[in-house]
Amino acid sequence: MSDENWRAVADVVPRDDQRDWVAESAARYLLLSLREGLWHSLAVYAGDDVVGHIMHAFDEEDGCNWIGGMLVDAAEQGHGVGRAALGTLVSYLQDQPDAPAIRLSVHDDNAPARKLYASAGFAELSKDEDGDWTCELRTGPAGGEPGGEQA
């Protein structure tokens with residue numbers, strides 16, 4: 001996010017049928033980043049055009065990096081933009097020290113997003129009373145704790 005692109009990011013909107021799961025525009029996510037001081041907003045580009053938003057934060061309580069507020073403009077969906085943005089952010093977060101996992105939440109009814117996250121290696125851990133799954137991607141050695149011995 002920068003002074004040059006924040007307006008373009010704020011104008012990103014999902015399809016109408018996705019508004020039960022994401023904000024009506026990326027402007028909400030930008031405000032969360034600015035006002036709460038926890039989330040870090042990133043613009044998603046396709047070529048020279050801003051086509052989406054994604055944000056991340058480190059949660060001191062669980063010691064994990066979290067991905068939130070992923071939104072691809074309605075006109076750009078179906079072209080792999082969300083998959084590419086997720087992959088880029090996951091790669092970045094995997095390189096950060098001392099975080100055993102990357103987490104995100106997704107609503108049970110949001111089948112396309114659940115499919116995307118599963119294909120990226122996220123496992124559904126638990127579902128809350130609102131129907132949101134907490135999903136996790138381990139960042140340590142496969143099959144073991146980060147830095148620990150494998151069985």
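**Entry 1: the model.** I am working from a predicted model.

**Entry 2: the largest pocket.** I looked up its volume first, and it comes to about 920 Å³. I then asked which residues are closest to its centre. They are V22, M70, N110, A113 and Y117, out of 34 residues that line the pocket.

**Entry 3: where the lining comes from.** I went through the elements that give two or more residues to the lining of the largest pocket. Two are strands, namely strand 3 (64–72) and strand 4 (101–107). The others are helix 2 (27–36), helix 3 (81–94) and helix 4 (111–119). Which element gives the most? It is strand 3, with six residues.

**Entry 4: classes in the lining.** I sorted the lining of the largest pocket by class and found 16 nonpolar residues, eleven polar and seven charged.

**Entry 5: helix 3 and helix 4.** Two packed helices are described by the angle between their axes and the distance between the axes. Here the axes of helix 3 and helix 4 cross at roughly 45 degrees and come within 11 Å. Helix 3 is therefore oblique to helix 4. I noted the crossing of helix 3 with helix 4 as right-handed.

**Entry 6: the contact.** Which residues meet? From helix 3 they are G82, R83 and L86, and from helix 4 they are L116, Y117 and S119. By class I have three nonpolar, two polar and one charged in this contact of helix 3 with helix 4. Y117 is on both of my lists, as one of the residues closest to the pocket centre and as part of the contact with helix 3.

Terms used
Residues are numbered from 1 along each chain as its sequence is written. This is a predicted model: local features need pLDDT of at least 70, side-chain atom pairs count only at pLDDT 80 or more; totals for chains, interfaces and linings use all residues. Side-chain values use heavy atoms; hydrogens and water are left out. On a 1 Å grid over the protein atoms alone, a cavity is a set of points where a 1.4 Å probe fits but cannot get out, and a pocket is an open set with protein on both sides within 12 Å along at least five of seven lines; lining residues have an atom within 4 Å of a point. Grid points are joined across faces, edges and corners, and a volume is the space filled by probe spheres set on the points. Helices (H or I, at least four residues) and strands (E, at least two) are DSSP runs, numbered from the N terminus. Ala, Val, Leu, Ile, Met, Phe, Trp, Tyr, Cys and Pro count as nonpolar, Asp, Glu, Lys and Arg as charged, and the others, Gly among them, as polar. Axes are lines fitted to C-alpha atoms, for helices over the stretch in contact, and angles run from 0 to 180 degrees between N-to-C directions. Angles under 35 degrees count as roughly parallel, over 145 as roughly antiparallel, 65 to 115 as roughly perpendicular and the rest as oblique. A crossing is left-handed if the near helix is turned anticlockwise from the far one by less than a right angle, and right-handed if clockwise. Contact means heavy atoms within 4.5 Å.
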